[in-house]
Amino acid sequence: MSKERIDPVSAVAEKDSVGWTHVAKLRLIPPEKPLKLELGGRLAPIDIEYETYGKLSQDKDNVVLVAHALSGDAHAAGWDADATENFRSWRLNKPGWWDSIIGPGKAIDTDRFFVICPNCVGSCYGSTGPSSINPETNKPYGMSFPMVTVEDWTEIEGRLLDHLGIKKIHAIIGGSLGGQQAIEFALRFPDRVEKSIVLAATPRLSAQGLAFNAVGRYCIMNDPNFNEGNYYEGAKPDKGLAAARMLAHITYLSDEGMHDKFGRKLWDKTDFEGGFGIEFAVESYLDHQGRAFVNRFDANSYLYITRAMDYYDAAERWGGGDLVKACSKIKCDMMIVSFSSDWLYPPHECKQFSLAITANRHPVTYVNVPSPYGHDSFLVETESVTRLVKPFLESKKESE
Amino acid sequence: MKDLLSMMRAFVSKSMQFKFDPALKEIDLAKILKDGSLPVSGYDDDSEENANCERWQDKVIENEIREGSSVLDLGCGTGELLERLVKHKKVFGQGIEIDEKSVASCVERGVAVFQADLDEGLKGFPDGSFDYVILEETLPTLKQPMRVLTDMLRVGSRGIVSFPNFGYWKIRLALLIEGRMPITERLSAPWFNTENIRLFTLRDLFDWAQNEGVIFEKSFVLNGKSFSHLSDRDNLLAEEVLVVLKKNNKEKK
């Protein structure tokens, strides 16, 4: 959020930076063997873009899988050495999205752990998604892309681990939609994970969360350029996507946080200009977020990923609606962290999830971090997150 | 002072099994308080061994808890007890703690900790989900002590409760003589910032238990000695108490 420009050359030299990074690309699912998706569709081929940091141990037992959120990508830490060549200019002055957490000596210590962060299918950062070319038509999929779900992402993560020869991971960690993957992984692959860390996420989105997503999609789908998702050759539905992002940003912050940051401050002026341009600082902030986002994100991906977020319901999937029953599948150590001002995945729901685990006589660590930064806290409360995540990752397994 | 002496003699002879030194003509209460010992025999809770034992309750609990059982520790602090129970007794241990720093210490120890306010009760914890629910030194700090007591016997088969006994003679005397809220070695905080906001005696808890059909399955006092039948003598001489509570199921039927 800082306007300050960081010089990557000196930043990569920092002792706690993973340094320059390169993306890895993999054809995980070949054209002839499509992946059967959770909701019935089939998809092939599937390409996965991922990044890794640290060194895989000889026994391949030091893997920490990092799952990204809605607008995230595989570039979780360090500085993208190929940003220019891959036309990802937004990465030139910014390290990976969780650089504060991943690195030598940091919460996810790359001196100890081998970190893998894959980009989700359906996204637009290198893994197969709606903007990829459909081999049957030689055109971008657009809305002909099959519906993918959190379950599919987790299944694909499992396949990626298979491909890398990793039987069991030390931990999976993620915030928000990434946290839902951490939940799903613990349920789907109980014998393949030792620890799961769920930040600012619940086993299902509340009605309020569904409502926000619905408005976001409405903005995109009613943009005059949307054209049923076939906009790749012409003008894109930027206005709709920007509006969706602006709304989402409100949900990522909190009343208190916005008050502290902007209050009723005016933007670049001492008095109202009149009319409906940008008058307030908070308007300028949202405008900036909207504009920046359309340069780096695909509107169709936004539709698909928010829908996956809507559909996910761990209780339904694994317990026929009964969350306690679903949680009986869990074998790994669980850490669930909520943030006091998060109204997208509110603390009381995170607590309820934790209780459902306890009800199975399974240990759980649940912490509610006091923070004014709302849902975004998992990205910005570095100190609190480090204080919890680092010892949890590095301690022995609780149930042993 | 004469009246006080005869009152105390009457009280002692009526309800206790020990006697004052018959040569004692006058009781200098201020001196007794200063010396820290009552001129009675047979109840040595001031031995050096006990003075050195900071967490005598932990030892008792470790002895009491069955191997391989499930334990919920309410107000588990930094998780030392649970860590020991997991290590030595192979229990499934879960802590509940509100303090942020203590929670972080639990995580460092590898103890599963649930951050929650006990005053909100154990809502969401299913009935009978733990063999033991422990509440060490926390009961007088709660706004809703009754709710927590009731809840712990709902969630656990047994409750283990330890608490400072405000019926302890030094506390009684200090209030009587000084006219100020007592400060003892083990209750060293002054009235304005003590965490203990609901003050009760062993007798009070016993009364509650009788009303609720809860039995004191086992009781221990500071020196680790157990007593089976509660008497006024215990209420007067026990500085700290630990009781194992159990619902009296016979009474229910």
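Helices (H or I, at least four residues) and strands (E, at least two) are DSSP runs, numbered from the N terminus. This is a predicted model, where local features need pLDDT of at least 70 and side-chain atom pairs count only at pLDDT 80 or more, while totals for chains, interfaces and linings use all residues. Residues are numbered from 1 along each chain as its sequence is written, chains are lettered from A in the order in which they are written, and side-chain values use heavy atoms, with hydrogens and water left out.

**View 1. A nonpolar patch on the surface of chain B.** Here's a group made of Leu175(B), Met181(B), Trp191(B), Phe192(B) and Leu199(B). Leu175(B) sits in helix H8 (residues 169-178) of chain B. With a relative accessible area of 44%, Leu175(B) counts as partly exposed (buried is under 20%, exposed over 50%, partly exposed in between; 1.4 Å probe, protein chains only).

**View 2. Where chain A meets chain B.** Chain A brings 23 residues to the contact and chain B brings 26 residues (contact means heavy atoms within 4.5 Å). About 1,900 Å² is buried between the two chains, 61% of it from carbon and sulfur atoms; buried area is the accessible area (1.4 Å probe) that two parts lose on being put together, summed over both. Of what chain A buries against chain B, 28% comes from Leu355(A), Thr358(A) and Arg361(A), more than from any other three residues.

**View 3. A salt bridge across the interface.** The rule finds 2 salt bridges between chain A and chain B (a side-chain nitrogen of Lys or Arg within 4 Å of a carboxyl oxygen of Asp or Glu). Glu120(B) pairs up with Lys351(A) in a salt bridge, their closest N and O atoms being 3.4 Å apart. On the side of chain A that touches chain B, helix H11 (347-358), strand E16 (364-369) and helix H13 (382-394) each give two or more residues. E16(A) gives the most, with 5 residues.

**View 4. Glu279(A) in its loop.** Look between helix H6 (255-261) and helix H7 (281-294) of chain A to find Glu279(A). Glu279(A) is buried, at a relative accessible area of 9%. Leaving aside residues up to four places away in sequence, Glu279(A) touches several residues, including Leu266(A), Trp267(A) and Phe272(A).

How values were computed:
Patches are made of residues with over 30% relative accessible area and no salt bridge: like charges are joined within 9 Å, nonpolar side chains (Val, Leu, Ile, Met, Phe, Trp, Tyr) within 5 Å. Accessible areas come from the Shrake-Rupley method with a 1.4 Å probe; for residues, only the protein chains shown count as cover.
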